[in-house]
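Hi everyone, thanks for coming.

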Amino acid sequence: MALNVLNVDPQTFHRVERCGHPLVVYECKLGAVPCGMFVEGTTTAVSAHLREHSIPGPDNASTSCPWASCSKTLKRGAMSRHILTHLGVKACCSVCGVVKCRLDVLRAHIRSSESCRFAHADVVYGPEGRFLVPTGRTVTAAHQVQ
Ligand SMILES: [Zn+2]
Ligand SMILES: [Zn+2]
Ligand SMILES: [Zn+2]
């Protein structure tokens, strides 16, 4: 039986098993005591994981970022996008190759640019990303995923 050395939520685990191809995940550094979980670098996965940490309050409430040494104050609703910047996940324009730190910023570039109008956003993985692979083996993603 394959042992998966990365601790991820069952949903992520089953998706990797089902698709049979690796997924890039990042170590969670939320809160004072690390939970030891690895989270996918998407706003959906991050916001689901933020709920696990019971980051309280409505979306428009101001809260301070619980990530490691960061203590930036921002709206609860903007938290998952902000966490992605801690993971180092960026977005790259498929036409001109410009890299933006946030997907919504890149989308604005694509919308506003004449030559990049039909571009799509490619994910640029963060330097600490790790492969979650169905066989349970892990490698550092930095030079492997492009
Ligand atoms: Zn966590
Ligand atoms: Zn932060
Ligand atoms: Zn572009």
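**Pockets and what lines them**

Let's start with the lining of the largest pocket: by class, that's 12 nonpolar, 4 polar and 7 charged residues. Ala, Val, Leu, Ile, Met, Phe, Trp, Tyr, Cys and Pro count as nonpolar, Asp, Glu, Lys and Arg as charged, and the others, Gly among them, as polar. Keep in mind that this is a predicted model, where local features need pLDDT of at least 70, side-chain atom pairs need 80 or more, and totals for chains, interfaces and linings use all residues. Residues are numbered from 1 along each chain as its sequence is written, and side-chain values use heavy atoms, without hydrogens or water.

A pocket, on a 1 Å grid over the protein atoms alone, is an open set of points where a 1.4 Å probe fits, with protein on both sides within 12 Å along at least five of seven lines; lining residues have an atom within 4 Å of a point.

So where does that largest lining come from? Domain 1 (1-87 + 126-146) and domain 2 (90-124) each give at least three residues, with bounds from an automatic or database domain assignment. Of the 23 lining residues, G41, T42, V89, L103 and V123 lie nearest the centre.

Now the second largest pocket. Its lining has 2 nonpolar, 5 polar and 4 charged residues, including D9, R15, T42 and H49. Which helix gives the most? That's α2, with 5 residues; helices here are DSSP runs (H or I, at least four residues), numbered from the N terminus.

Notes. Chains lettered and ligands numbered in written order. Helix = DSSP H or I, 4+ residues; strand = E, 2+ residues; numbered from the N terminus.
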